[in-house]
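Let's take a walk through this protein together, starting from one residue and ending with the whole chain. Have the sequence and the model open as you read.

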Amino acid sequence: MIAESVKPAEAGPSSPEGASILIQKAAVLGAGTMGSRIAAHLANAGLQVVLLDIPTEGTARSAVAAQALEALKKSKPAAFYDPSFATRITIGNFDDDLALLRDCAWVLEAVTENLAIKKALLERVAPHLKPDAILTTNTSGLSIASIVASIPEHLRRRCFGVHFFNPPRYMRLAEIIATPETERAAVEAVAHFADLRLGKEVVFARDTPNFIANRIGVFIMLEAVRLMQAEDLTIEEVDALTGTAIGWPRTGTFRLADLVGLDVLAHVAQNFPRSHSGAEEMSLPPFVKTMLERRWLGDKTRQGFYKKEKDVEGKEVRLVLDWKTLEYRPASRPKLPVLEMAKNAEQLPDRLTQILSGNVKKDNAARFHWRLLSGLWNYAADCLLEIADEPQSIDRAMRAGFNWEMGPFQLWDAAGVRGTVERMQAAGEPVSPHVQALLAAGADSWYRNHGRECFNLASGAYEPIAEAAGIARIAKFKASNGVVRKNAGASLVDLGEGVACLELHSKKDAIGEDIVRMVTETLRPESDAVRNFSAFVISGDADNFSVGANLMQLLLSIQEEEWDDIDLAVRAFQGMTSAIKFCPRPVVVAPYGFCFGGGAEIALHAARVQAHAELYIGLVETGVGLLPGGGGCKEMTLHAVNAAASVREGGRSESVELLETLRRNFETVAMAKVSTSAVEGRRLGFLSESDGITMNRERLLTDAKDLARDMAHAGYAPPAPRTDIPAPGQNMLATLKLGVHMMRQGEYISDHDAKVGNWVAHVLCGGNITPGTLVSEQYLLDLEREAFLSLCGQKKTQERIAFTLKSGKPLRN
């Protein structure tokens, strides 16, 4: 067991003890890929950060760190929430700048995975740290006790392991590995900060080789390679079998290996313990060793299990490695009966049932799945008590670290523990003693009571799973409070304390008539919901908030020339966003992931927005040849008008401010700009300065609920529909249209893009009217609807919608 004095309680990440230690400045030792990106994410969290690496000869002695910082500014995906955050990082080197560590509350070592180098560096920096500094080491699996063994005793008490996953901004897992000497308060402080400020799923791991996620994840990747050879499958077949069909990322096994780097995986494999069981002997197959010798390491060397080349016509072609010949050939999409059978099942447990019912005697793909999953279950069970105290820690680590939909024990429950064990026994296959102990105790699953309790091997009984305060998804409230009302696209859920949530849960996250109806009926002033609740949140539990309006429904209506139906649908959508804006109760929208088109329009009409930091928001309608028709253009005009009015007392010209803001908003809409973070979303005008940003996705709902409740308690009064909006008018319309004309003349845009751009300009400016003419919000909505319907009738728009539905990408022509 992890010593109770060392390991925080499960609710530790948000504990008062952890919050009592203030972390305002940090340092990262090592400016490599991992270290520099950790520094960037600490800057995202608002810290001032010192980034140090080895010195170089000459005058630019901190060139290594300087080059790393420049690379961060250009990295894809973006390391910073906003490019300006790079100014929060101060660079230096280990020889000249260790004095910069003196005022750092948290110092993170992240140099190369070499025990001797890590030990030597910690010994070197120890004298330069302030007495109460926290020192952590980032390693994918080296012994923490060995790394910290040589530093002074007083510092060892505040030193432990924190394992980030790359890239640290996007990967949710942070494994914390304490030693028997580690002070609880130091662990609590970092766990608290990682949870609330870095947005991490914090999992406490034992100081064993590769900790939790890499121990399980790399084992199953190497097992997939072994089974591929045994079952004579191809690399792309294994990637299909180990992808979304079983709830793992679509990268599968080998595409993931290319992303991570074959050298990294080889290093982790070498670190596996050799002490027991044949399954532990995780040696690399000969063809992988040859790839390492040839430096075919994956994306970092532009060649691994896959690579891209251009054909004779200059088109990019993806090639895949033939593991038998080590030659590349064009990749193909595998057609496997076991996957065809399972693809119609939407839920993972149903897919799993279909997959495991395959004929293992005749179908090598079905046999691969059974051997892979049964091997995973037994290995994870064997590792229990060695790498973690309980199954839920392993499941959480795999969900957050490898982006699995379910952890191994959840997967086993979904497949049926007793039935699969009986199948293993009937086939003469090994069965982990730990699962035998579970069954011997009269239990049939690792979890029970809707996942609220988990079987504990040490006690031989089910125990409640402690929940950190503030961690919640809508499903939790649906289970405890029930659903007030629902339809296929949305549900009204009681969150308690007088707050209700409108959960969006449509298929593929699109906004259709069912969502429009539910939101409008719920938020109208005379509704039962408005009488019974004091505030509302609009959010969801899916991967994305919304990808926008249902384009398939729209395309069918266009093809049938049902113009009156389209007109009514647009009016209804505008009615929904107006209901959000003018609801007598505060409506807080909590967007996350993709928030496109109509989803962005929902957010723009909220009383307040509480966004997840990883928010990709944009009015993207121009990408399919349309413009925002649900009030998005109207709100962008209002933002520009309000910005101009706000400078009235500052001496700056209102007309200049209006033109500059309107031009920025025009570019945002016409170019279908999408933010790469909530911070950038604020800069693009989708969020205001008063809107909140939550770093941890699991805390978003609670933060939104608290905001809505507090607004209601403060005596919220809704805005009144405006009738006094001074229209930008014909002068600014001419300026924007001139810009469109110049873009077309330069052949940067097509004729249809120009037509769309001119319509956007027309709506944003309030039409071709005298500047300053007072118009209403309804007038602007009518302009939106007119423009939307006009563009629906264009052949190019129909082609773009059809192309987008087929490919998932906008067509530019």
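Thr694 is found in strand 25, which covers residues 692-694; strands here are DSSP runs of E with at least two residues, helices are runs of H or I with at least four, and both are numbered from the N terminus. At 3% relative accessibility, Thr694 counts as buried, a word that stands for under 20% relative accessible area, with over 50% called exposed and the range in between partly exposed (1.4 Å probe, protein chains only). Leaving out residues up to four places away in sequence, Thr694 touches Gln610, Ala611, His612, Ala613, Arg699, Leu700 and Asp703; a contact means heavy atoms within 4.5 Å.

A word on the source: this is a predicted model, in which local features need pLDDT of at least 70 and side-chain atom pairs count only at pLDDT 80 or more, while totals for chains, interfaces and linings use all residues. Residues are numbered from 1 along each chain as its sequence is written, and side-chain values use heavy atoms, with hydrogens and water left out.

Next, please find Ala40, which sits in helix 2 (residues 33-44). Ala40 has 0% relative accessibility and so counts as buried. Its contacts, not counting residues up to four places away in sequence, are Leu72, Ala79, Phe80 and Ile89. Leu72 lies 32 residues from Ala40 along the chain, yet their C-alpha atoms are separated by 7.4 Å.

Which residues of helix 18 are buried? In this helix (residues 417-426) they are Val417, Thr420, Val421 and Met424. They cover an arc of only 100° around the axis, so they lie on the same side of helix 18; the arc is that of the directions from the helix axis to the C-beta atoms. An α-helix has 3.6 residues a turn, so residues three or four places apart point the same way. After helix 18 comes Gly428, with a positive phi near 75°.

| Helix | Residues |
|---|---|
| helix 15 | 364-383 |
| helix 17 | 408-415 |
| helix 19 | 433-440 |

Now for the whole protein. Its secondary structure comes to 33 helices and 27 strands. Of its 813 residues, 55% count as buried. The C-alpha trace spans about 80 × 65 × 65 Å along its principal axes. Among contacts with a separation of 6 or more, 71% come from residues 24 or more positions apart.
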